[in-house]
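Dear colleague,

I am passing on the structure that we spoke of, with some notes on what was found around its ligands. Please look through it before you read on.

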Amino acid sequence: MNNNTSYIEKNKDRFLSELIELLKIPSISADSAYKNDVLKTAEAVKDHLKNAGCDTVEICPTKGYPIVYGEKIIDKNLPTVLVYGHYDVQPADPLELWDSAPFEPVIKKTELHPEGAIFARGACDDKGQMYMHVKALEFMTSTNQLPCNVKFMIEGEEEVGSVNLTDFVKENREKLSNDVILISDTGMIAKDIPSITTGLRGLSYVEVEVTGPNRDLHSGLYGGAVANPINVLTKMIASLQDENNHITIPGFYDNVEELSKEERAEMAKAPFNLEDYKKALNIEDVYGETGYTTNERNSIRPTLDVNGIWGGYTGEGAKTVIASKAYAKISMRLVPNQDWQNITQLFKTHFESIAPKGVKVKVTPHHGGQGYVTPIDSIGYQAAAKAYNDTFGKQPIPQRSGGSIPIVALFEEELKSKIILMGFGLDSDAIHSPNEHFGVFNYLKGIETIPLFYKYFTELSK
Ligand code: BES
Ligand code: MN
Ligand code: MN
């Protein structure tokens, strides 16, 4: 047993109980009813950072939820690692689909996690993964092994688009200066297959409203004679993808990078079993853009998805009505080089142009962000690879993820350093879904691996 694992073994129960306490606070940033809980979580994170060995900790106010900042500077000549994470979580609904209450964490054994998994909203995304870094710091400071400087920036608005973090970063470049940014808010290929996320997709999120007649109408008296906003909206949405599931918005693909044959062949080497994939989702077949594999479709290709659609009568029984309005929320996942604001504009122009005269269309942009790719020859990547090699006994696989952390591209642009995404989550963790969980194995492996990143990054920086 090495030094790290014996410390972790000794403190394992406390590491779990502290995380469980943090998970009990419902820090849902999207719902203002939870405002006090979100603020309470910021306070808790601040206290934990202090206890783990930060010399200064503060709650930095923003126009929205505060950013928790902490640092321990041991020597100005040594490298500095900036850790980013988020303490806010997604809403828990639909509540009835949870087997245990989302904010009453329980550890349960599963087939994949015989040593147990923590079930709670935020267990993996991102409280559990963020807290691995706090405990890794505690390990390094209490065993006198912190090899470099460390800064923490933990925000409370990631799940609502990190709207106020941009200004905070721009206004605090000096304070946040660093040599590498370390984030655990992504996943790994499998429990025994470590991977480092080398890409994230960008995002453009819009809401559309289609208005027909000035009031709801009798669908018999008016049906067939006026545009039904719901019929029109669904037709418009359907036309956004052609028979090859290619997006039809003019200019949408203009800046999409086409990977070379070699790069695609390299990607295809990552372990993936289509049958298992289908089985896990209980689907007969996968579905997507012609000419690309499943792994390509959900990482290197842009997509357009309706996330919600509503209008008209949805209550019990039947009501014969043509609604005056119909709505949808649409997300577009983007790849590096696609500019999210440009894509939002292209969507708006196109969507307005395809509307029949009988309706009015309103497109409201929500939030978005740029995609991100990072090379595997940076010192940061090499340090992470060595750390995983030590704790898993094998080289991690570079993998581009389909998810988005919109602020990551801005970090690189403003702070001029590389971002290393050491994710310990699994696709089966059900983030954003009912029964979100995080394997105890994954949590402890993270705490064990992170200090080794610090060690190797400091060594390689010399
Ligand atoms: N941690 C996720 C993103 C993620 C998860 C990336 C797994 C890669 C693998 C993050 O909290 C998230 O949910 N991002 C949102 C975007 C945000 C603007 C709401 C997303 O990807 O939908
Ligand atoms: Mn997250
Ligand atoms: Mn999330």
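Which residue coordinates both the manganese ion (ligand 3) and the manganese ion (ligand 2), and how far apart are the two ions? It is D125 that coordinates both, and the ions are 3.6 Å apart.

Before the details, please note that this is a predicted model, in which local features need pLDDT of at least 70 and side-chain atom pairs count only at pLDDT 80 or more, while totals for chains, interfaces and linings use all residues. Residues are numbered from 1 along each chain as its sequence is written, chains are lettered from A and ligands numbered from 1 in the order in which they are written, and side-chain values use heavy atoms, with hydrogens and water left out.

For the manganese ion (ligand 3), the coordinating atoms come from D125 (OD), E159 (OE), E159 (OE) and H432 (NE2), at 2.1 to 2.6 Å, and the donor residues are spaced D-x33-E-x272-H in sequence. Because D125 lies in the loop between strand 5 (117-119) and helix 3 (127-142), and E159 in the loop between strand 6 (149-155) and helix 4 (165-171), the pair ties together parts that are 34 residues apart in sequence.

H432 also takes part in the surroundings of ligand 1, where an N or O atom of its side chain is 2.8 Å from a ligand oxygen atom. A polar side-chain atom of E158 lies 2.7 Å from an oxygen atom of ligand 1, and for an N or O atom in the side chain of R333 the distance to a ligand oxygen is 2.6 Å; a polar contact is a pair of N or O atoms within 3.5 Å, where within protein one must be able to donate a hydrogen and the other to accept it, and residues adjacent in sequence count only if both atoms are side-chain atoms.

How values were computed. Donors are N, O and S atoms within 2.8 Å of the metal (3.2 Å for Na, K and Ca); water is not among the atoms, so sites may look incomplete. Helices (H or I, at least four residues) and strands (E, at least two) are DSSP runs, numbered from the N terminus.
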